[in-house]
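Please consult the sequence and the model shown below while reading.

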Amino acid sequence: VIDDEDDVTSDQAAASNSSSTGQQQQDGSDLAAAEDDQPWADEVTNLLLGLVTASHDRYLKPPLPLPDLETVTEDNRCSAFWSAPWALFVTDDSGQYNMEYVNESACQMLGGSYLDLFGQAAFELVDSSLEAQSDWAYAVQRVEGSGVNCARMPQLAMKDMSGQPVVAKDVCMWRVDSLEDTPIGMAVLVKSWQK
């Protein structure tokens, strides 16, 4: 014997579960979409930018115009760096110097989105001329192996993602250390550029 009332109740429960599961999936996809809109604003990036700032304060005298630690909190650090007027990119410590972070100005300078540039080898964005490659190699050596842990260049010939020339001006590079004071990468700040 089939009870029609039980079937209706079962169907309503299934519909309710389906609706609730759909709502959870919708909420999850909304969160994923928010992260996709701001992939530069996660906890790992926030920690990395904190290490960039601490290393900057250790190695650069006089300091560069990084967001003021007095006014920038941990909650708004990612936004402050993202919207800064100078280009900043942070590489890992592999021999390829793959991009771990780029801010909005670096995206404009290099002609790509955050996700286009993330993982890109930094040296591939340096102009292929012998002079530019030598300047880059010398600066990297000063950052990594000189004991100074920083380098400044009046300009560096680079190229954007489409291969078009970009002249980075007033370039500063410094080593980025972990909380245990071991090198984890390198920060490159470009105060201005010309395409």
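## A strand enclosed on both faces

Strand β1 (residues 87-92) is largely enclosed by the rest of the structure, because 6 of its 6 residues are buried. Buried here means under 20% relative accessible area, exposed means over 50%, and partly exposed lies in between, with a 1.4 Å probe and protein chains only. Strands (E, at least two residues) and helices (H or I, at least four) are DSSP runs numbered from the N terminus.

In a regular strand, side chains alternate between the two faces of the sheet. Both faces of β1 are covered: Ala87, Phe89 and Thr91 are buried on one side, and Leu88, Val90 and Asp92 are buried on the other.

## Basis of the model

The model is predicted; local features require pLDDT of at least 70, side-chain atom pairs count only at pLDDT 80 or more, and totals for chains, interfaces and linings use all residues. Residues are numbered from 1 along each chain as its sequence is written, and side-chain values use heavy atoms, with hydrogens and water left out.

## Strand pairing

Two strands are said to pair if DSSP finds at least two bridges between them. β1 pairs with strand β5 (residues 183-194) in the antiparallel sense over 6 bridges, and Leu88 has Leu189 of β5 as its bridge partner.

β1 also pairs with strand β2 (residues 99-102), again in the antiparallel sense, over 3 bridges. Here the bridge partner of Val90 is Tyr101 in β2. The hairpin of β1 and β2 has 6 residues between the strands, and Tyr97 in this hairpin takes a positive phi near 55°.

## Overall architecture

The protein has 6 helices and 5 strands. From the N terminus on, the elements follow the order α-α-α-β-β-α-α-α-β-β-β.

Of the 195 residues in the protein, 38% are buried. Among contacts (heavy atoms within 4.5 Å) with a separation of 6 or more, 52% join residues 24 or more positions apart. The accessible surface, from the Shrake-Rupley method with a 1.4 Å probe, comes to about 10900 Å², and 50% of it belongs to carbon and sulfur atoms.

## Loop residues

Asn149 is not a glycine, yet it has a positive phi of about 65°. Asn149 is placed in the loop between α6 (130-145) and β3 (150-159), and it counts as buried because its relative accessibility is 8%. Asp181, also not a glycine, has a positive phi of about 65°. Asp181 is found in the loop between β4 (165-177) and β5; its relative accessible area is 43%, so it is partly exposed.

Asp160 lies in the loop between β3 and β4 and counts as buried at 9% relative accessibility. Its side chain makes a polar contact with the side chain of Ser162 (2.8 Å). A polar contact is a pair of N or O atoms within 3.5 Å; within protein, one must be able to donate a hydrogen and the other to accept it, and residues adjacent in sequence count only if both atoms are side-chain atoms. Not counting residues up to four places away in sequence, Asp160 touches Met109, Leu110, Gly111, Leu125, Val166 and Lys195.

## The largest pocket

The largest pocket has a volume of about 160 Å³. It is lined by 13 residues, of which Val44, Thr45, Leu48, Glu100 and Phe118 are the closest to its centre. The elements that give two or more residues to this lining are α2 (43-59), β1 and β5.

On a 1 Å grid over the protein atoms alone, a pocket is an open set of points where a 1.4 Å probe fits, with protein on both sides within 12 Å along at least five of seven lines; lining residues have an atom within 4 Å of a point. Points are joined across faces, edges and corners, and the volume is the space filled by probe spheres set on them.
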